[in-house]
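Trainee: I have just started reading protein models and would like to work through this one with you. Please show me the sequence and structure, and then I will ask my questions.

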Amino acid sequence: MSGSPWRLGATTDGGDQGCRSPGADALASAYLPISAPGGTLLYSLVRSARPQTIVEFGTSYGISTFYLAAAVRDNGTGRVVTTELSTAKVAAARANLSEAGVAALVDVLPGDALQTLTTVDGPIGLVLLDGWKDLYLPVLQLLEPRLSAGALVIGDDSSFPTVQPYLDYVRDPANGYLSVPFPVEDGMEISCRIR
């Protein structure tokens with residue numbers, strides 16, 4: 001990212017294989033960014049939907065968080081709440097967001113998302129699922145009572161096999177979502193809460 005305010009000294013030689021491991025800090029040096037087209041899509045969705053509360057599961061180094069927060073800044077309203085299990089990535093994300101000038105718009109919650117996200121008040125207007133793939137569905141179900149009508153839920157890396165239970169859930173109309181796959185990098189599933 002030439003000209004970027006990010007200090008990202010990590011490499012891409014490790015990475016999330018789609019499942020949770022016993023030690024999140026084992027992947028602390030794994031640079032797992034959203035693609036530029038994916039980030040632009042997130043920015044556009046936030047600008048259009050104008051959600052007051054955005055929840056991101058899986059901060060990593062804060063690249064996707066930056067796109068979300070930049071849209072909040074440009075909308076002039078809203079906030080981003082993001083969660084990350086790796087203590088090293090929490091520190092790096094906070095530094096990156098501060099350096100990018102959007103830290104005041106973001107609450108980075110360190111720890112297990114199934115615990116930290118219980119503290120987020122609704123209504124939640126947009127959710128980005130981009131952490132451990134096997135937790136997409138449990139995180140969504142934890143947040144569902146606080147989703148606003150019409151809330152957008154974006155599941156990144158939807159081509160990963162471990163995302164399938166989540167996809168089955170949001171693609172079943174009985175669960176109250178209208179869902180469409182979006183062809184960007186490893187895929188995104190964009191779902192709208194219709195009830």
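Trainee: Where is the place of proline 123?

Mentor: Keep in mind that this is a predicted model: local features need pLDDT of at least 70 and side-chain atom pairs count only at pLDDT 80 or more, while totals for chains, interfaces and linings use all residues. Residues are numbered from 1 along each chain as its sequence is written, and side-chain values use heavy atoms, with hydrogens and water left out. Helices (H or I, at least four residues) and strands (E, at least two) are DSSP runs, numbered from the N terminus. With those names in hand, you can find proline 123 in the loop between helix 4 (113–116) and strand 4.

Trainee: Which residue does a cis peptide bond join to proline 123?

Mentor: Look at the omega angle of this bond, which is about 0 degrees. The bond is cis, and the partner of proline 123 is glycine 122.

Trainee: Is arginine 50 buried, partly exposed or exposed?

Mentor: Arginine 50 is found in the loop between helix 1 (36–49) and strand 1, and it has a positive phi of about 55 degrees although it is not a glycine. Buried means under 20% relative accessible area, exposed over 50% and partly exposed in between, with a 1.4 Å probe and protein chains only. The value for arginine 50 is 39%, so this residue is partly exposed.

Trainee: And glutamate 185, is that one buried or exposed?

Mentor: Glutamate 185 belongs to the loop between strand 6 and strand 7. This residue also has a positive phi, of about 45 degrees, although it is not a glycine. Its relative accessible area is 67%, so glutamate 185 is exposed.

Trainee: In what order do the 7 strands of the open sheet lie?

Mentor: Strands of a sheet pair through backbone hydrogen bonds, either parallel or antiparallel. Here two strands count as a pair if DSSP finds at least two bridges between them. The pairing is mixed in this open sheet, and the order is 3-2-1-4-5-7-6.

Trainee: What angle does the direction of helix 6 make with that of strand 7?

Mentor: Strand 7 (residues 188–193) runs antiparallel to strand 6, joined by 6 bridges. Helix 6 packs on the sheet and touches strand 4 (124–129), strand 5 (147–156), strand 6 and strand 7, where contact means heavy atoms within 4.5 Å. Axes are lines fitted to C-alpha atoms, for helices over the stretch in contact, and angles run from 0 to 180 degrees between N-to-C directions. For helix 6 and strand 7, the angle is about 35 degrees.

Trainee: What is the handedness of the crossover from strand 4 to strand 5?

Mentor: Strand 4 and strand 5 run parallel and are joined by 5 bridges. The chain goes from strand 4 through helix 5 to strand 5, a β-α-β crossover. Such a crossover is called right-handed if, with the strands pointing away from the viewer, the path from the first strand over the helix to the second runs clockwise. This one is right-handed.

Trainee: How many residues of strand 5 are buried?

Mentor: Strand 5 also pairs with strand 7, in the antiparallel sense over 5 bridges. Strand 5 is mostly covered, and its buried residues number 7 of 10.

Trainee: How many aromatic pairs does a search of the whole structure find?

Mentor: Rings of Phe, Tyr and Trp (its six-membered ring) pair if their centres lie within 6.5 Å; planes under 30 degrees apart count as stacked, over 60 as edge-to-face and the rest as tilted. With that rule, the number of aromatic pairs is 4. One of them joins phenylalanine 57 and tyrosine 136, edge-to-face at 80 degrees between the planes, with a centre-to-centre distance of 6.4 Å. It links strand 1 (residues 53–57) with helix 5 (residues 136–143), and it is part of that total of 4.

Trainee: Which residues form one aromatic cluster?

Mentor: Both phenylalanine 57 and tyrosine 136 are buried. The ring centres of tyrosine 136 and tyrosine 166 are 5.6 Å apart with planes at 90 degrees, so this pair is edge-to-face. Tyrosine 136 is in helix 5 and tyrosine 166 in helix 6 (residues 164–171), so the pair ties together parts 30 residues apart in sequence. The cluster is formed by Phe57, Tyr136 and Tyr166.
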